[in-house]
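Please look at the sequence and the 3D structure below.

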Amino acid sequence: MTSAVRHPADPEGPAPVAAGSPAGGDGGRVREPLALDDFARLARGRLPTATWDFIAGGAGRERTLAANEAVFGAVRLRPRALPGIEEPDTSVEVLGARWPAPVGIAPVAYHELAHPDGEPATAAAAGALGLPLVVSTFASRSLEEVARAASAPLWLQLYCFRDHETTLGLARRARDSGYQALVLTVDTPFTGRRLRDLRNGFAVPAHIAPANLTGTAAAGSASPGAHSRLAFDRRLDWSFVARLGAASGLPVLAKGVLTGADAEAAVAAGVAGVVVSNHGGRQLDGAPATLEALPEVVSAVRGRCPVLLDGGVRTGADVLAALALGARAVLVGRPALYALAVGGAAGVRRMLGLLTEDFADTMVLTGHAATGTIGPDTLAPPHHGPPTAPRPAPHRDRSHG
């Protein structure tokens with residue numbers, strides 16, 4: 001019998017993942033995922049190799065992809081004895097909306113690659129927990145269909161195409177469908193050099209298409225990398241933020257900021273928020289991990305707008321570390337697709353439930369009754385190198401005094 005884990009964002013607990021998803025090494029007995037890494041392992045066994053590589057891979061030698069998780073892995077938290085907290089308040093306010101936990105789903109293209117129910121299933125799962133979904137420009141279902149399945153905030157991620165009217169038209173459609181914000185990707189004049197996709201000759205299957213670009217020049221080819229070099233506007237500058245906001249009436253966030261200088265430029269352009277992101281390690285290989293870049297960006301923003309982070313978040317401790325360094329909330333991308341591949345909407349709901357429950361536990365163990373008290377003093381100073389044993393006291397020869 002499957003047990004449902006309770007967590008702060010969903011008082012009834014997450015729905016169980018569909019049976020028939022053995023975690024391996026248990027003689028075939030069905031086990032549910034207990035951590036986000038479990039979803040990745042199970043999804044790898046279900047997805048075609050080329051599809052797995054498209055979702056999981058990064059640019060170049062994948063140094064930045066690895067660094068995103070490795071930097072989180074090096075974080076050390078300061079526990080608090082006898083914190084006296086029964087149930088922490090995990091909620092945060094972002095752009096005037098109260099999220100039950102500081103977690104949302106990052107934009108990832110073509111959810112139908114993971115499951116035929118696609119983005120509506122992801123939206124329904126996030127909505128069941130009251131958590132937001134950022135829908136990709138390259139969603140495999142229409143903005144309107146995703147909106148009908150949602151019951152929590154929806155944002156739309158946008159690339160700027162050479163035909164600006166295509167991008168502005170998407171923004172207006174999002175507004176008319178009840179989306180609450182736009183997320184302009186600012187680090188992608190074209191997609192990075194992703195060697196796995198090149199070696200696999202990856203192409204989006206013929207039955208999956210960018211549903212919101214049908215009939216436009218931006219619909220492009222099935223090869224994402226080649227299409228981006230033809231369709232994306234490389235001349236884009238910060239003036240487009242104001243144009244996008246004026247056309248839609250929606251707040252615009254800038255996604256893909258890794259430096260203080262770009263954070264300053266984004267705020268000066270009038271963004272409503274900044275997302276510290278390196279595109280999941282899929283753009284410039286060798287760029288800093290997002291947690292490394294976060295303090296510089298937060299310092300430059302100086303509280304003038306919320307700062308979010310994506311890239312490498314896999315545990316509740318990761319969420320807390322990001323908040324400790326100044327993020328308002330985090331977004332997870334790949335884990336949503338892995339969970340979708342494993343269990344459809346129920347899988348995504350369970351993944352989000354596990355992450356938010358882990359975050360709540362981490363808050364209690366570090367002595368935080370509410371997210372607003374989480375700060376840098378929650379983190380231990382960085383330690384470089386292996387621990388060193390105490391040095392023995394020097395031997396004293398008593399015969400010589």
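This is a predicted model: local features need pLDDT of at least 70, side-chain atom pairs count only at pLDDT 80 or more; totals for chains, interfaces and linings use all residues.

Residues are numbered from 1 along each chain as its sequence is written, and side-chain values use heavy atoms, with hydrogens and water left out.

Helices (H or I, at least four residues) and strands (E, at least two) are DSSP runs, numbered from the N terminus. In α10 (residues 260–268), the buried residues include Gly260, Ala263, Ala266 and Val267. They lie on the same side of α10 because they cover an arc of only 120 degrees around the axis; the arc is that of the directions from the helix axis to the C-beta atoms. Ala261 and Ala268 are exposed, on the face turned away from the buried side. Buried means under 20% relative accessible area, exposed over 50% (1.4 Å probe, protein chains only). After α10 comes glycine 270, with a positive phi near 95 degrees.

In strand β10 (residues 329–332), Ala329 and Leu331 point one way, Val330 and Val332 the other, and all are buried. Two strands pair if DSSP finds at least two bridges between them.

| Strand | Pairing with β10 | Bridges |
|---|---|---|
| β3 (residues 103–105) | parallel | three bridges |
| β9 (residues 307–310) | parallel | three bridges |

Isoleucine 105 has valine 332 of β10 as its bridge partner, and leucine 308 stands opposite alanine 329 in β10.
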